[in-house]
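Biologist: I am new to this structure and would like to learn how to read it. Please take me through it feature by feature.

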Amino acid sequence: MDVLGFYPMWYVPVVGSGFVIAIIAAIHVMASHTSVGASILLAYLATKAYRENQPQIYDYIKKYLLGLLVFSYVSGSITGPGIWFSATVVNPRGISALIHNFVWVWAAEWVWFIAEVTLVYILFYTLGKIDQKSWLRLAWTFAISSWATMYIIVGILSFMLSPGHEKWFTTGSILDAFYNKNYFPHLLERTSYMFAIAGTVGLAIAALMKKDLPEKVYKDIVKTLSYWGIGGIVFGLMFFAWYVSTLPERSHVILEKVIPLYLKLPIMLIILVVLAHFVLAAVRPQAVRFWMAYPIYALIFFMGVYPEEKIRETIRKPYVAGEFVWVNQIISRDVPAKGIKSEVPVIDQKGLLTVNPFVPEGLKKINSQNEIMAGKAIAILQCSGCHNVTGSTGLRPFGQKFAGMTDPNAVYGFLTSYLRDNHPPYMPKLVGTDEEIKALSAYIAHMISKGGSVSAKIEVPNTSAEAKKEVQP
Ligand code: HEC
């Protein structure tokens with residue numbers, strides 16, 4: 001076996017290709033949690049309107065549904081496929097590993113998703129035009145379909161972090177993969193917080209309609225949303241504690257040692273702000289203001305959802321899926337149930353440049369002329385999933401991590417002892433032949449001596465006999 005099934009590599013300098021997914025995914029999470037939370041809150045409010053005979057609540061529901069349609073569903077439906085497109089180019093093997101496990105689970109998710117999207121339109125356009133009881137049934141079907149999409153996706157997301165138990169590697173069973181150790185706490189935590197997210201938008205919409213609604217109806221709506229919001233936060237915190245207790249050992253190390261305070265602190269702050277906002281609204285519904293509720297909703301994105309998603313992605317490292325595919329797409333362990341073999345021994349013996357079919361011919365055999373370029377190619381292939389390997393800004397930049405190391409031998413010593421023989425839990429083992437590690441060292445020493453920043457381009461020295469002939473006049 002001389003070639004392993006790698007795909008072309010997409011290198012995004014400075015921020016890293018993973019950031020492209022991260023930003024699309026964070027927007028998607030915001031939109032989806034808003035709409036899933038809202039689907040249940042609105043079904044509940046509609047039931048209340050029906051039982052207590054308060055038809056004006058439907059005016060509010062209609063406004064909220066329109067907001068969902070125009071904002072959540074448009075941004076959600078654009079970013080959903082966006083995650084697919086970006087993940088497919090950023091990490092084709094990661095997504096492939098997931099598809100090979102979860103293809104039917106995903107198919108089921110799409111069925112629920114189509115039901116959800118169809119129903120949000122039907123609900124909006126039939127409100128007030130069909131009898132209340134039928135509309136209520138549709139509203140609850142919408143709520144169940146919306147939550148079902150979350151029920152399914154969370155199984156895949158938590159499997160990415162860890163199958164949670166050794167069993168799956170030998171059974172390969174879809175249920176062992178799906179109902180992994182942190183599935184339920186993860187699902188329940190998201191389910192709780194989504195009420196706080198949807199409730200905050202709900203308060204913004206209620207504030208906009210304050211003048212149009214009878215005081216009692218307005219107060220009723222605001223109080224209901226606030227109670228759900230407060231409950232969401234309290235339960236969310238409880239389920240978060242449970243979630244943390246189910247994390248694998250390496251994730252605990254990463255949470256403590258690698259995740260900076262500037263990611264953790266905003267989350268705690270925004271939880272307090274949202275909670276205080278709900279308490280205020282519950283006690284004094286008239287005090288709710290659009291200019292307060294809406295910015296809080298926006299802050300939930302920047303201080304809550306974005307850092308939370310980033311942390312979740314980081315504690316998954318060094319893996320991208322199921323504790324057998326590293327972020328750099330190398331298969332790192334055997335999965336007997338799937339007939340998957342670790343690629344590490346082959347790569348260590350033959351070299352990563354040799355077995356990757358997309359490495360240019362001129363870089364496969366390392367010599368004094370192509371050594372630095374070969375080293376750069378290795379850095380891009382093995383390290384760029386988590387580092388800016390050509391600069392000193394952005395994602396854990398090499399320019400900073402290796403600052404001062406201009407001697408290739410010193411870099412080599414560091415790489416072999418620290419990354420190959422005894423790698424920290426958040427990084428994959430450095431793989432490849434000794435010659436390749438020397439080339440990587442030469443490249444790193446070179447980029448540091450150039451001030452920590454070089455072009456991201458791979459240039460293949462033209463040294464073949466053919467090429468020499470061509471240049472001769
Ligand atoms: C799966 C992600 C990932 C990959 C792939 C990865 N690293 Fe890292 N690396 C990290 C994380 C996380 C840190 C922790 C420090 C931080 O967050 O700034 C780190 C830190 C480092 C450090 C600083 C020492 C330390 O432990 O804090 C060096 C040097 C380094 N990496 C080199 C490399 C090299 C060389 C490669 C490629 C062979 C590589 N890394 C691949 C995630 C990764």
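Biologist: Does Arg-396 count as buried, partly exposed or exposed, and at what relative accessibility?

Modeller: Buried means under 20% relative accessible area, exposed over 50%, and partly exposed in between, with a 1.4 Å probe and protein chains only. Arg-396 counts as partly exposed because its relative accessibility is 25%. Arg-396 sits in the loop between helix 15 and helix 16, and its phi is near 30°, a positive value in a residue other than glycine.

Biologist: What should I know about the model and its numbering before going on?

Modeller: This is a predicted model, in which local features need pLDDT of at least 70 and side-chain atom pairs count only at pLDDT 80 or more, while totals for chains, interfaces and linings use all residues. Residues are numbered from 1 along each chain as its sequence is written, and side-chain values use heavy atoms, with hydrogens and water left out.

Biologist: Where is Asn-53 placed?

Modeller: Helices (H or I, at least four residues) and strands (E, at least two) are DSSP runs, numbered from the N terminus. Asn-53 lies in the loop between helix 1 (17–51) and helix 2 (56–90). Asn-53 also has a positive phi, about 50°, although it is not a glycine. With a relative accessible area of 61%, Asn-53 is exposed.

Biologist: Which residues does Thr-47 touch, not counting residues up to four places away in sequence?

Modeller: Contact means heavy atoms within 4.5 Å. On that basis Thr-47, a residue of helix 1, touches Leu-136 and Trp-140. A polar contact is a pair of N or O atoms within 3.5 Å; within protein, one must be able to donate a hydrogen and the other to accept it, and residues adjacent in sequence count only if both atoms are side-chain atoms. The side chains of Thr-47 and Trp-140 are joined by a polar contact of 2.9 Å. Thr-47 counts as buried, at 13% relative accessibility.

Biologist: Why does the span of helix 10 agree with its number of residues?

Modeller: The expected span of a helix is 1.5 Å times one less than its number of residues. Helix 10 (residues 261–283) has 23 residues and so should span 33 Å, and its end C-alpha atoms are 33 Å apart. Its buried residues include Leu-263, Ile-270 and Phe-278. The buried residues of helix 10 pack against helix 7 (183–208), helix 8 (215–245) and helix 11 (290–315).

Biologist: Which residues come nearest to the ligand?

Modeller: A residue is near a molecule if one of its heavy atoms lies within 4 Å of it. Of the 20 residues around the ligand, Cys-383, Cys-386, His-387, Tyr-418 and Met-427 come nearest. The side chain of His-387 has an N or O atom 2.7 Å from a nitrogen atom of the ligand. For Lys-401, a side-chain N or O atom is 2.6 Å from an oxygen atom of the ligand.

Biologist: Which helix gives the most to the shell around the ligand?

Modeller: Helix 17 does, with 4 residues. Helix 15 (371–383), helix 16 (398–401) and helix 17 (408–420) each supply at least two residues of this shell.

Biologist: How far apart do the C-alpha centres of domain 1 and domain 2 lie?

Modeller: Domain bounds come from an automatic or database domain assignment. Here the assignment gives domain 1 (17–326) and domain 2 (344–471), and their C-alpha centres lie 41 Å apart. The contact takes 8 residues from domain 1 and 9 residues from domain 2.
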